[in-house]
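Please read these notes with the model open beside you. They take the chains in turn, then the contact between them, then some local points.

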Amino acid sequence: MIKLEDVTKVYDGGTVACSNVSLNVAKGEFLFLVGASGSGKSTLIRMLLREEDVTRGTIWVAGKDITTMPSWKVPYLRRTIGTVFQDYKLLPNKSVAQNIAFALEVLGRPKAVIHRQVEQVIDLVGLTGKAERLPRQLSGGEQQRVSIARAFVNRPPILLCDEPTGNLDPATSVGIMRLLDRINRTGTTIVMATHDHAIVDAMRRRVVGLEAGQVVRDQAGGRYEQEELVE
Amino acid sequence: MNRIGFLLDEAFVNMRRNPLVVSGAVLAVFVSLFLAFGALSVQELVRTNTQQWQDGTHVIVFLKDARDGITLDSQVALRSEIDGWELVESTEYVDKLAAFEEFKKLFPNSPVVDNIDPDVLPASIRLRLNDSTRYREVVFNLIDQPAVLEVVAPGESIENIAQLSRVLNWLGFGLALIQGIAAVVLISNTIRMAIYARREEVSIMRLVGASNWFIRIPFLIEGMIEGMAGAGLAVFGVWIASRVVGDVDAAISLFDFTISSGFFVKWSILFLAFGAVAGVVGSALGLRRFLKV
């Protein structure tokens, strides 16, 4: 579903954010990207969205080489990827339903379709009855659910999450992770960058560790910290 | 249909958020196009008025009479000589009585008419030329003729008016051009502010895969509406001005101040279209830097 081959990203100032990263993510996989701040997690996610160009190497998403993709096709790439961020990125003056509907409106979907899909996804993320609330009337966890609903309403095959629990308390984070896990079980590939030890340790999924832009670990069913080999 | 409605809604949301900046842009377009349309109208007035002259009498030759020892025969002889000239298309003889009738028509309520002796007014020959611009040559040939009292060619004053209007036009168009550039820059700035005010929406639109045109179109519509609003005000302004000047018409009957409705409608449509184009161009300039993928 996602394949990186020798991907290197050097910013204009000479900072190396990614260095020779090669990675293969299968369809339906759930992958944690872990590492300290500045290790290149966010850059990787931005490159998958073509918000950043790679300096060297190739990235395939859903079978397409996105590094040579003409810029007018990039919006179509982004329609196959849902994105969830730490700061939710909700529009403050739109209601829950309007925020979710916005993602479909800009794709020009018919009103009836939008209405139906928004209703469904609101139920799916557990916000039934809160469709008309404004973001500021919701808790952090609820706002993140709206953001996940918006990312998923179009049923994209891939979901990219950049620290989705970064602003949430542990109990709320668990709820969000349950939701992401459910979405993953529908066959959606999920790549999630995180600092959250507890979550990674509890979920026991594939863990890719980054350090100074390089992959230092790629472990199925891993924990946040590399486990010492016990004899 | 839903798409178009959504795009229009977005454009109006932009304008509601920034009424002051939007008014500035609209006013700049208004001033620019008002000056240009005004200059064009003045040019048209001069053209139609000089047209009347070009179609009418080009040179009037007032003739000496019996008191100066000039007989009717020599007047007739002069007329037939003039008729033979290459530049002259036709001539018309106006005798003293006809001149008096015309005088009465020109000053219908003047007490002078009652006291005037019809014999005082000179007879004249009116000339139509093949080429009205060459009136000087004809005047030159006429002044030395013994039967000629005075030669009058309105061409000179008309040339002065035309000259003045040319200068005013250049000035008007120059100012309109500068103001027009300012208007485009102001619209582009308005659009930049609108994008800045909506940067969150724009970033989310990009994130969820809205096409670039879908993001740009509301801003282009906004620019177009601003340009057309300014142009509409300019058209309205010129219409008001032409009505006001048209009322003066009766008082100064030498010059006809009415603009034909055909001219007005044609140029109004062109100016509205131009306003729309200027708005879209300004908006596109504002978008260029901010909405890269």
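1. Conventions. Helices (H or I, at least four residues) and strands (E, at least two) are DSSP runs, numbered from the N terminus. The model is predicted: local features need pLDDT of at least 70, side-chain atom pairs count only at pLDDT 80 or more, and totals for chains, interfaces and linings use all residues. Residues are numbered from 1 along each chain as its sequence is written, and chains are lettered from A and ligands numbered from 1 in the order in which they are written.

2. Chain A, overall. Chain A holds seven helices and 10 strands. Along the principal axes, the C-alpha atoms of chain A fill a box of roughly 50 × 45 × 35 Å.

3. Of the 231 residues in chain A, 42% count as buried. Buried means 20 or more other C-beta atoms within 10 Å of the residue's own; exposed means 12 or fewer, and partly exposed lies in between, with C-beta atoms placed from the backbone. Two residues are in contact if their C-beta atoms, placed from the backbone, lie within 7 Å. Among contacts in chain A with a separation of 6 or more, 67% join residues 24 or more positions apart.

4. Chain B, overall. Chain B has 10 helices and four strands. From the N terminus on, the order is α-α-β-α-β-α-α-β-α-β-α-α-α-α. Chain B is more spread out than a compact globule, because its radius of gyration is 30 Å, well over the 19 Å from the globule rule for 293 residues. The C-alpha box of chain B is roughly 100 × 40 × 30 Å along the principal axes.

5. Chain B, burial and contacts. Here 34% of the 293 residues of chain B count as buried. Of the contacts in chain B with a separation of 6 or more, 86% are between residues 24 or more positions apart.

6. The A–B contact. On this side, 15 residues of chain B touch 18 residues of chain A. Helices H1 (2–17), H8 (199–207) and H9 (212–248) of chain B each supply at least two residues of the chain B side. H8(B) gives the most, with five residues. By class, the chain B side has eight nonpolar, four polar and three charged residues. Ala, Val, Leu, Ile, Met, Phe, Trp, Tyr, Cys and Pro count as nonpolar, Asp, Glu, Lys and Arg as charged, and the others, Gly among them, as polar.

7. A helix pair in chain A. H3 (residues 96–105) and H5 (residues 140–152) of chain A pack at about 30 degrees, with their axes 8 Å apart. H3(A) and H5(A) are therefore roughly parallel (angles under 35 degrees count as such). Val96(A), Asn99(A), Ile100(A) and Ala103(A) in H3(A) meet Val146(A), Ala149(A) and Arg150(A) in H5(A). That contact has five nonpolar, one polar and one charged residues.

8. Backbone points to check. Lys89(A) is not a glycine, yet has a positive phi of about 55 degrees. Lys89(A) sits in the loop between strand S6 (81–85) and H3 of chain A. Arg155(A), also not a glycine, has a positive phi of about 50 degrees. Arg155(A) is in the loop between H5 and strand S7 (158–162) of chain A. Arg155(A) counts as partly exposed, because it has 13 C-beta neighbours inside 10 Å.

Key
Axes are lines fitted to C-alpha atoms, for helices over the stretch in contact, and angles run from 0 to 180 degrees between N-to-C directions. Angles under 35 degrees count as roughly parallel, over 145 as roughly antiparallel, 65 to 115 as roughly perpendicular and the rest as oblique. The radius of gyration is taken over C-alpha atoms; the globule rule is 2.2 Å times the number of residues to the power 0.38.
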